[in-house]
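This briefing covers helix packing, domain arrangement and the relation between the chains, in that order. Please keep the sequence and the model in view while reading.

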Protein chains: 2
Amino acid sequence: MNTAQAQLGAVLAAGGPELSRLLHRTEERLAEVAEGHGAELAEHATGTLAAGGKRLRPVLVFLCAAGVGDDRRVAAAVAVELLHMATLVHDDVLDRSELRRGRPTVFADGGRLAATATGDLLFSRAFAELVTTGSHEAVRALSAASSALARGELMQRADAWSEDVTPERYLERCRHKTASLFEASCRLGALFGGRAELSDPLGGFGERVGLAFQMLDDVLDVSGPTERIGKPRGADLLDGTVTLPLILARRMDHELRELDLRATVVDPARAAAVCDRIRATGALDEARRRALTHVAEAKDSLADLDIPNDRRRALDLVAAGVVERYA
Amino acid sequence: MNTAQAQLGAVLAAGGPELSRLLHRTEERLAEVAEGHGAELAEHATGTLAAGGKRLRPVLVFLCAAGVGDDRRVAAAVAVELLHMATLVHDDVLDRSELRRGRPTVFADGGRLAATATGDLLFSRAFAELVTTGSHEAVRALSAASSALARGELMQRADAWSEDVTPERYLERCRHKTASLFEASCRLGALFGGRAELSDPLGGFGERVGLAFQMLDDVLDVSGPTERIGKPRGADLLDGTVTLPLILARRMDHELRELDLRATVVDPARAAAVCDRIRATGALDEARRRALTHVAEAKDSLADLDIPNDRRRALDLVAAGVVERYA
């Protein structure tokens, strides 16, 4: 068992049998969605679904929506996971990724046409699931998040290879690209937990956790090691994605500042060399420190909330798990 | 003025100043959406929006929703048009199309990453617009349509190069890929026109018009002429899309039946030769005849409906316009 699995185990233990039951129902419903919309989707989506993942977003929905009826909570969890999966399927087309979590991607199996359409269909089903809850507020939160995800991708594209991405712009991008769906998961939880007044604070908790998640992911891309991240270091550099470690390192190392990514980082060996150079500036430590600040703020924000102690503890463990994943 | 424009003029005249006002508001709102979600979307979407098109789906919404408040009707029209645009932007990525309606596509301008994200964002905004109406029924109709569109694409992919696509399977694909959004436009109109009881019959009208639209489009791909369709004949054949003309022709010409598309139709010249052969079987006439049957049924279905005569006449003109486009 790796650290991430151990951490999820701790979250599940803190969430008790209710959380396990809800996650089980989420899996069942996800499988129904994959099988209920034609042979083509079944063929392409079943593998993606089975590949699983930590179901971090559904966990957030459930932990923020304790002790109320199952159906709407499960619908919300299924919706956020479908939306997440849709973005993964599209990302794999864009990155031409053949493998995800050790399984062939939809792109690898069916080509880019099938993968684009599969992503679109998963996307549509996310909304179809959520509309069954009868909550406009919820559909609004999901459409805001899904717009933000797409906008984050567009920002990342616009920033590609750029020499003057600021830390603020980077953070804004992370907020759109990743934190928005963490935030929406918590908001939906608050809503369906009958605690709409907690939507803002729990949404804020989710956003901070999501920011840290993305920031630490970007640190890991530079720090490696390869066997841990399942791909060569510096994959972001190779496709021109300018992340916080490079942004910070450029301030301290003028050769990095002058570096034309497009011309220099042309293969994994060059990318690894630039990663080493970034590390030498201390930028990785600084980026990690900034991420941990968001985790600490997320945890702090829970302290004053009027939620049961076991839920606070479980949410705390989720925040800790995001760090643990990169320890 | 070409025939299609003349036809639209006739529809506008029949719809009166109300229709013109609503279409104008739709354009304004579409421009607001394009400009209100970041510089990146504004850059990519403004061209797509300005390229226009006939706004056929918004017209259907308005003609099916006469004489009630503007806001919800405009939201519905904007939503269906955004969804339509999202699919066009994604289609252009998949087909690697550089031009649409004489303008560079998002794919040509921004590359496949920007275009995929732009499509996703337009998609999200479609739902965001519609949720402002406060109607679950409406959001449900849109998510059903958007799932159907994606599923139609998946079916088309699964059928590519196939030698045994039946006319029924082809029709099912058209229903998903094209007719579903025509149907949803009419349903949304009925709903926001305060005539929910007309949702099924008007939805049925839209579906038949959409089927005819796709079927005639597929005839045109084979019949040309090139200067009319703005691309070489047989583009569908080149990417393995098996449409009704080929399906019918294969029943009458054993050489076509034996033809391995993938091996034979390798360039526009070969595609044109196969188009000639399809035409020689009379399959184009038969496919056109079948499409016209759907138009006739669509028109007939209006006869018994309790709607004002001017609306009936305008809807009739829309159905006629679909045929006119290919006359």
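In chain A, α5(A) and α6(A) are roughly antiparallel to each other (a term for angles over 145 degrees). The model is a predicted one, in which local features need pLDDT of at least 70 and side-chain atom pairs count only at pLDDT 80 or more, while totals for chains, interfaces and linings use all residues. Residues are numbered from 1 along each chain as its sequence is written, and chains are lettered from A and ligands numbered from 1 in the order in which they are written.

**Packing of α5 and α6 in chain A**
- Helix α5 (residues 106–131) of chain A packs against helix α6 (residues 136–159) of chain A at an angle of about 160°, the axes being 9 Å apart; helices are DSSP runs (H or I, at least four residues) numbered from the N terminus, and axes are lines fitted to C-alpha atoms over the stretch in contact, with angles running from 0 to 180 degrees between N-to-C directions.
- From α5(A), the residues Ala126(A), Phe127(A), Leu130(A) and Val131(A) make the contact, and they meet Ala138(A), Val139(A) and Leu142(A) of α6(A); two residues are in contact if their C-beta atoms, placed from the backbone, lie within 7 Å.
- The contact of α5(A) with α6(A) has seven nonpolar, no polar and no charged residues, where Ala, Val, Leu, Ile, Met, Phe, Trp, Tyr, Cys and Pro count as nonpolar, Asp, Glu, Lys and Arg as charged, and the others, Gly among them, as polar.

**Domains of chain A**
- The domain assignment, whose bounds come from an automatic or database source, divides chain A into domain 1 (17–58 + 69–133) and domain 2 (135–300).
- The C-alpha centres of domain 1 and domain 2 of chain A lie 23 Å apart, and 14 residues of domain 1 of chain A are in contact with twelve residues of domain 2 of chain A.
- On the side of domain 1 of chain A that touches domain 2 of chain A, α4(A) gives the most, with eight residues; by class, that side of domain 1 has eight nonpolar, three polar and three charged residues.

Technical notes
Helices (H or I, at least four residues) and strands (E, at least two) are DSSP runs, numbered from the N terminus. Angles under 35 degrees count as roughly parallel, over 145 as roughly antiparallel, 65 to 115 as roughly perpendicular and the rest as oblique.
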